[in-house]
Amino acid sequence: MFDKNATSISQQIEILKNRGLTFKDEAFAAHQLANISYYRLGEYWYVMQDDKVNHTFKPNSKFEEVIALYNFDRELRFLLFDVIERIEISLRTKLIYHLSHEFNPWWFQNFELFEDSKALVKTLSSLEEELERTKETTIKNHN
């Protein structure tokens, strides 16, 4: 049974202070905790804890460094996803171009090109459902 009660943001700050985390600006901390959950930030202050069972912090652990680490991770994720998206789009474009010229523009419906015909039927069915469900004007006009 889960027996923890909900805590206010000011209570969360007090808990963290009692465990050894320092705050330069508690208003800043309250704003951050109001917009980034306590438990999400916990993933970032975990490395600052001296005792993982009692959740006490190492000396000189600062809330502002937790936020800096969170922001670094967030920005890194944005950069990586941007690169991954570009690679994915480029790879799909090259694959479609090659297969469309090697076979024909309807290669994706050619059962002879695929080993698992059941999987192809399932994929084509999912594609059809997505086309019916879409609200994208460009796709509706093309379809």
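Start by selecting Gln49. Set aside its neighbours within four places in sequence, and Gln49 is in contact with His55, Thr56, Phe57 and Lys58. Show those side chains too. Gln49 sits in strand E1, which covers residues 49-51. Is Gln49 buried or exposed? Its relative accessibility is 5%, so Gln49 counts as buried. Keep in mind that this is a predicted model.

**Zoom out: the whole chain**

Switch to a cartoon view. The protein chain has 6 helices and 2 strands. Follow the sequence and the pattern reads α-α-α-β-β-α-α-α. Now look at the overall outline. The radius of gyration of the protein chain is 25 Å, while the globule rule gives 15 Å for 143 residues; the value is well over the rule, so the chain is more spread out than a compact globule. The trace spans about 65 × 35 × 35 Å.

Of the 143 residues, 19% are buried. Next, think about contacts along the chain. Among those with a separation of 6 or more, 43% are between residues 24 or more positions apart.

**Aromatic pairs**

Hide the surface and colour the aromatic rings. How many aromatic pairs does a search of the whole structure find? The search finds 7.

Select Phe23 and Phe63. Their ring centres are 5.1 Å apart and their planes meet at 25°; stacked means under 30 degrees, so this pair is stacked. Check the cover on each ring. Phe23 has a relative accessible area of 16%, so it is buried. Phe63 is at 0% relative accessibility and also counts as buried.

Move to Tyr38 and Tyr39. These two form an edge-to-face aromatic pair, 5.3 Å centre to centre with 75° between the planes. What is the relative accessible area of Tyr38? The value is 14%, so Tyr38 is buried. Tyr39, at 59% relative accessibility, counts as exposed.

Ring pairs link Tyr38, Tyr39, Trp45 and Phe57 into a cluster.

**A lysine over a ring**

Select Tyr46 and Lys52. Which face does Lys52 lie over? Lys52 lies over the face of Tyr46, at 4.4 Å from the ring centre. Turn the view until you look down on the ring.

**Last stop: Ser100**

Go back to helix H4 and find Ser100 there. Ser100 has a relative accessibility of 19%; buried means under 20%, so Ser100 counts as buried. Leave aside its neighbours within four places in sequence, and Ser100 is in contact with Pro105 and Trp107. Show both. What does the side chain of Ser100 make with the side chain of Trp107? The two side chains make a polar contact at 3.4 Å.

How values were computed. Residues numbered from 1 in each chain as written. Predicted model: local features only at pLDDT ≥ 70, side-chain atom pairs only at ≥ 80, totals over all residues. Heavy atoms only, no water. Phe/Tyr/Trp six-rings, centres within 6.5 Å; stacked < 30°, edge-to-face > 60°. Buried < 20%, exposed > 50% of the residue type's maximum accessible area, 1.4 Å probe, protein only. Lys NZ or Arg CZ within 6 Å of the ring centre and 35° of its normal. Helix = DSSP H or I, 4+ residues; strand = E, 2+ residues; numbered from the N terminus. Contact = heavy atoms within 4.5 Å. Rg over C-alpha atoms; globule rule 2.2 N^0.38 Å. Polar contact = N/O pair within 3.5 Å; in protein donor to acceptor, adjacent residues only side chain to side chain.
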